[in-house]
Amino acid sequence: MPAADEKPQAETLQEREDEDPFAPLLSLESSFYDEGYALGVKEGSTSGRIEGRLFGLSRGFEKFEELGGLQGKACVWSARLEQSAKATDGDTDVTSLVPIKATDRLGKQVRRLAELTDPEGVSTENSEDGVADFDERLKEAKAKGVVISRMLGESASAIDHSHGKVGKAGRGTGEMEDFGGVVKGRTKG
């Protein structure tokens, strides 16, 4: 029978709380906390998506810019290799590019770099597998670029310009004035 005695006591306590005019004031802190928490979750969810999207676009742009720079280098090296082949065939068409000594190994490296940086072959899918595939492709392309630049004796600073890094072969700080480009038949560095 004690359960029957407790029930009226619980009802009596509830009635006292309902009659107390200060009960809503005593729970004000928890109601403001609950309201603020709900608003924070809603606002955080919205701003988190916006910030995440902006960060993703920014980081994606950086990666594609780096890949584009490597593609440009591959195009120049391919053109220099073709010019070298034309010069050995007796073609007298002279351009401003300095021909490079073509070797089988160098030709393979340049062709592989061109394949890796081909925009038609690069996946732009926004999934874990797509991003991982792109990152692997970019990593391999950067390695090929460094190998080719070292084979040619060129500065690696042109490869690493986007991050301010300079490879061991580089002598500059990665600034525009330190560009180890080709100037009218001779290398500058």
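The legends below describe close-up views of one predicted protein model.

The residues are numbered from 1 along each chain as its sequence is written, and the side-chain values use heavy atoms, with hydrogens and water left out. In this predicted model, local features need pLDDT of at least 70 and side-chain atom pairs count only at pLDDT 80 or more, while totals for chains, interfaces and linings use all residues.

**View 1. The protein chain as a whole has 5 helices and 2 strands.** Helices (H or I, at least four residues) and strands (E, at least two) are DSSP runs, numbered from the N terminus, and along the sequence they follow the pattern α-α-α-α-α-β-β. Of the 189 residues, 22% count as buried, where buried means under 20% relative accessible area, exposed over 50%, and partly exposed in between (1.4 Å probe, protein chains only).

**View 2. The largest pocket holds about 400 Å³ of space.** A pocket is an open set of points on a 1 Å grid over the protein atoms alone, where a 1.4 Å probe fits, with protein on both sides within 12 Å along at least five of seven lines, and lining residues have an atom within 4 Å of a point. The lining has 17 residues, of which Gly56, Gly60, Phe64, Asn126 and Val131 lie nearest the centre of the pocket. Helix H3 (28-88) and helix H5 (128-152) are the elements that give two or more residues to this lining, and H3 gives the most, with 9 residues.

**View 3. Arg59 and Glu62 form a salt bridge, with their closest N and O atoms 3.0 Å apart.** A salt bridge is a side-chain nitrogen of Lys or Arg within 4 Å of a carboxyl oxygen of Asp or Glu, and the structure holds 7 of these pairings. Because Arg59 and Glu62 are 3 residues apart in helix H3, they are separated by about one helical turn. Arg59 counts as partly exposed at 34% relative accessibility, and Glu62 counts as partly exposed at 36%.

**View 4. Glu154 meets Lys73 in a salt bridge (4.0 Å, N to O).** Glu154 lies in the loop between H5 and strand S1 (182-183) and Lys73 lies in helix H3, so the pair ties together parts that are 81 residues apart in sequence. Glu154 is buried, with a relative accessible area of 10%.

**View 5. Glu154 also meets Arg80 in a salt bridge (2.5 Å, N to O).** This pair links distant parts of the chain, with Arg80 in helix H3 and Glu154 in the loop between H5 and S1, 74 residues apart. Arg80 counts as buried at 5% relative accessibility, and salt bridges that share partners join Lys73, Arg80 and Glu154 into one network.

Conventions:
Points joined across faces, edges and corners; volume = space filled by probe spheres on them.
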